[in-house]
Amino acid sequence: AIDFLETKLIEESQDDYERMRLSGIVGTLYRILGELDMAEEHINSAIAASNNLRDRRAQLENLLRLAYVYQVREQYDLADRIYKQVIEACEVSRDATNPVNRNPFKNDLDLAYQYYGKCLYDQGDFFNALHMFEKALRIRTQKGDPVEIASTEHAIKITQQKLVVRN
């Protein structure tokens, strides 16, 4: 699958948007396979393309992908910084007083909280992880997606168990 997608990336017939999209997908596949240098390279390419195309939605997706690569590498300082950047962008876009409320990040704040909560959990910061999961759950409950709600409730339960054991 990766070979096919990388061939598609090289093809001159692909437009900039398609190359950006494929770079993000290929980066994710490399992360799944544990080839983190290749993952980082492709995801950074997708981020650069999303910036050039001024596609803030793609920028969000690829920043989250990159943060997750750093998280897997246990480069938590880099992952934390990116997650905080994405959360800040999402929070600003959800602010009803914000005159530019067209930001596509506004519907992804729960995802950013969930990802950052998992990163904090991986670092052993269960208290702050729980806080992020609870924030994600409030939004996901409003959205009403039972799969996302169940995922976050599970994360909360596991994190609460860690806090009980620790105390």
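Colleague: In which loop is the place of D15?
Modeller: This is a predicted model, and what follows is computed from it. Helix α1 covers 2-10 and helix α2 covers 16-32. D15 has its place in the loop between α1 and α2.

Colleague: Is D15 buried, partly exposed or exposed?
Modeller: The relative accessibility of D15 is 45%. Exposed requires over 50% and buried under 20%, so D15 counts as partly exposed.

Colleague: How far does the backbone nitrogen of E18 lie from a polar atom of the side chain of D15?
Modeller: A polar contact requires N or O atoms within 3.5 Å. Between the side chain of D15 and the backbone nitrogen of E18, the distance is 2.6 Å.

Colleague: Are α3 and α4 roughly parallel or antiparallel?
Modeller: Helix α3 spans residues 36-53 and helix α4 spans residues 56-72; their axes come within 9 Å and cross at roughly 160°. Angles over 145 degrees count as roughly antiparallel. The relation of α3 to α4 is therefore roughly antiparallel.

Colleague: How many nonpolar, polar and charged residues are in the contact of α3 with α4?
Modeller: From α3 the contact includes L36, I43 and I47, and from α4 it includes L63, L66 and V69. The division is 11 nonpolar, 5 polar and 2 charged.

Colleague: Is N62 buried or exposed?
Modeller: N62 is found in helix α4, and it touches I43, A46 and I47 as well as G24. Its relative accessible area is 2%. The limit for buried is under 20%, so N62 is buried.

Colleague: Is α6 roughly parallel or antiparallel to α7?
Modeller: Helix α6, residues 109-122, packs with helix α7, residues 126-143, at about 160°, and the axes are 8 Å apart. Because the angle is over 145 degrees, α6 is roughly antiparallel to α7.

Colleague: What is the phi of R54?
Modeller: Most residues other than glycine have a negative phi. R54 lies in the loop between α3 and α4, and it counts as exposed at 73% relative accessibility. Its phi is positive, near 55°.

Colleague: What is the phi of E74?
Modeller: E74 is in the loop between α4 and α5, the latter being 76-94. At 58% relative accessibility E74 counts as exposed. Although E74 is not a glycine, its phi is positive, at about 65°.

Colleague: Is α4 roughly parallel or antiparallel to α6?
Modeller: The two helices pack with their axes 11 Å apart and at an angle of about 10°. Angles under 35 degrees count as roughly parallel. Therefore α4 in relation to α6 is roughly parallel.

Colleague: Which residues of α4 and of α6 make the contact?
Modeller: By class the contact of α4 with α6 has 5 nonpolar, 1 polar and 2 charged residues. From α4 come L64, Y68 and Q71, and from α6 come L111, Y115, K118, C119 and D122.

Conventions. Residues numbered from 1 in each chain as written. Predicted model: local features only at pLDDT ≥ 70, side-chain atom pairs only at ≥ 80, totals over all residues. Heavy atoms only, no water. Helix = DSSP H or I, 4+ residues; strand = E, 2+ residues; numbered from the N terminus. Buried < 20%, exposed > 50% of the residue type's maximum accessible area, 1.4 Å probe, protein only. Polar contact = N/O pair within 3.5 Å; in protein donor to acceptor, adjacent residues only side chain to side chain. Axes fitted to C-alpha atoms, helices over the stretch in contact; angles between N-to-C directions. Parallel < 35°, antiparallel > 145°, perpendicular 65-115°, else oblique. Contact = heavy atoms within 4.5 Å. Nonpolar A, V, L, I, M, F, W, Y, C, P; charged D, E, K, R; others polar. Lists of a residue's contacts leave out its neighbours within four places in sequence.
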